[in-house]
Amino acid sequence: MAAVQVQHYLNRARDLLKGMDFLKEDLVELGYSSALLAIHGAISYSDALRIGLGGTDLSSDDHQSATRELQQMLTARKYEKPEGVTRLARLLGDKGAVAYGSVPVEQTKFKSIVQQAERFAVWAEKTGKELKIEGW
């Protein structure tokens, strides 16, 4: 069952990042859309990793706790390349400003979010394979 769930979240993550890729060429007009797809893609990658590592509670209310849980799971597995967790935390920290903030977000921030999400995706893909997560 976990393998099916991993595939579900992994497919969602890849889908969201493909959408981000279509929009990222015009961050002036589509910056918020690109950034939100980037952030939600990273969340889905995190969900796939956590389910694959034995997690069961994927609460949508507190994504920062997901970052802590992912870090703990990687530490327990003695995974020595946890840099993606820091990148995930930064992306999640930007979610409120992008989705709900009352102050306009700068185009440079949108570009940074997209780049961070792309780097997180590369890390997550590599991590899932290296840890031999079933369904990856």
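Author: Start at Trp123: once neighbours within four places in sequence are set aside, it is in contact (heavy atoms within 4.5 Å) with Leu49, Leu70, Leu74, Tyr79, Lys81, Pro82, Glu83, Gly84 and Val85. A word on the ground rules: this is a predicted model, where local features need pLDDT of at least 70 and side-chain atom pairs count only at pLDDT 80 or more, while totals for chains, interfaces and linings use all residues. Residues are numbered from 1 along each chain as its sequence is written, and side-chain values use heavy atoms, with hydrogens and water left out.

Trp123 also belongs to one aromatic cluster with Tyr45 and Phe120. For pairing, the rings of Phe, Tyr and Trp (its six-membered ring) need centres within 6.5 Å; planes under 30 degrees apart are called stacked, over 60 edge-to-face, and the rest tilted. That rule gives 3 aromatic pairs. In one of them, Tyr32 and Phe110 have ring centres 4.8 Å apart and planes at 70°, so they sit edge-to-face. Tyr32 is in helix α2 (residues 27-52) and Phe110 in helix α5, 78 residues apart, so to speak a link between distant parts of the chain. Helices here are DSSP runs (H or I, at least four residues), as strands are (E, at least two), numbered from the N terminus. Phe110 is buried, at 4% relative accessibility, whereas Tyr32 is partly exposed at 36%; buried means under 20% relative accessible area, exposed over 50%, partly exposed in between (1.4 Å probe, protein chains only). Tyr45 and Phe120 are another edge-to-face pair, at 6.5 Å centre to centre and 75° between the planes. With Tyr45 in helix α2 and Phe120 in helix α5, this pair ties together parts 75 residues apart in sequence. Both Tyr45 and Phe120 are buried.

Now for the core. Its definition: buried Ala, Val, Leu, Ile, Met, Phe, Trp, Tyr and Cys residues joined through side-chain atoms within 4.5 Å. The largest nonpolar core has 38 residues, and those touching the most other members are Tyr45, Leu70, Leu74, Phe120, Trp123 and Trp136. Two or more residues come from each of α1 (2-23), α2, α3, α4 and α5, with α2 giving the largest share, 10 residues.

Ser44, also in helix α2, is buried at 4% relative accessibility. Beyond its neighbours within four places in sequence, Ser44 is in contact with Tyr9, Arg12, Ala13 and Leu16.

The α3 and α4 axes are 9 Å apart, at an angle of about 175°; axes are lines fitted to C-alpha atoms, for helices over the stretch in contact, with angles from 0 to 180 degrees between N-to-C directions. The two helices are therefore roughly antiparallel (under 35 degrees is roughly parallel, over 145 roughly antiparallel, 65 to 115 roughly perpendicular, the rest oblique).

Lys78 sits in the loop between α3 (63-76) and α4 (83-99). Lys78 has a positive phi of about 60° without being a glycine, and is exposed at 67% relative accessibility.
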